[in-house]
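Visitor: I would like to learn how to read salt bridges in a protein model. Could you take me through them slowly, with the general idea before each case?

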Amino acid sequence: MNKQESKYQKTALLMDEALLLLLENKDYDRITVKELCEKAGVNRTTFYLHYESMNDLLEETVAMINKRFTGSLSGIDKGDPSKEVLTSEKYLRPYLELIKENKRAYRVVRHKENLFNTRQAFEGLYKAVFSPALTHFGVSEKDKKYVFAFYTQGTIAIIGEWLDGDCQDDVDMIIGLIMKHTLVYENNQQD
């Protein structure tokens, strides 16, 4: 990476972090470019060199958060694949904790779904966890996309309700709820 790329990435990270800090106390639609730039310690011209709009920054910030999460999965012991279930606490806990820590950003994404492909956020998880697990459970390549949609859309719905409630319910309760309903599906598939 050359010096220019490094400087660009450092500035982008400053703006991502500034947006997350501002979201802690203010609604997304009320955050101005000026305010963001002051928080990040950059000028408005720099902002517009990086982004066309605040929505572009929000998209980048969410991608950065999701990249951190996907990176955190690499340290998780995969264990014995024969004892795995499709929805496991070891994957759900770090994901839900990440969402809770960044709930304002995720809430904005939830309410601005037209700006984001929320399913895209699950692609890394699909490759790392779901595809191998679906293979293990004997799901055909043809059926994988449907089963994956079933799991992700159900999980997104539960997480969305949790976000709407300001993540007040305990992470363990949400994990239990997701696992309970996916285990019912998995047990029915094995019968």
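Guide: Side chains of opposite charge can pair when their charged atoms come close. A salt bridge is counted here when a side-chain nitrogen of Lys or Arg lies within 4 Å of a carboxyl oxygen of Asp or Glu, and by this rule the count comes to six salt bridges. The model is a predicted one, in which local features need pLDDT of at least 70 and side-chain atom pairs count only at pLDDT 80 or more, while totals for chains, interfaces and linings use all residues. Residues are numbered from 1 along each chain as its sequence is written, and side-chain values use heavy atoms, with hydrogens and water left out.

Visitor: Which residue forms a salt bridge with Lys 103?

Guide: That partner is Asp 166, and the closest N and O atoms of the pair are 3.5 Å apart. Because Asp 166 lies in the loop between α8 (141-164) and α9 (171-190) while Lys 103 lies in helix α6 (residues 103-111), the pair ties together parts that are 63 residues apart in sequence. Helices here are DSSP runs (H or I, at least four residues), numbered from the N terminus.

Visitor: Where does Arg 107 lie, and how many residues separate Arg 107 from Asp 166?

Guide: The side chains of Arg 107 and Asp 166 also meet in a salt bridge, at 2.6 Å from N to O. This pair links distant parts of the chain, with Arg 107 in helix α6 and Asp 166 in the loop between α8 and α9, 59 residues apart.

Visitor: Is Arg 107 buried or exposed?

Guide: Buried means under 20% relative accessible area, exposed means over 50%, and partly exposed lies in between (1.4 Å probe, protein chains only). Arg 107, with a relative accessible area of 19%, is buried, whereas Asp 166, at 30%, counts as partly exposed.

Visitor: Which residues are linked in a network of salt bridges?

Guide: Arg 93, Glu 97 and Asp 172 are linked in this way.

Methods: Helices (H or I, at least four residues) and strands (E, at least two) are DSSP runs, numbered from the N terminus.
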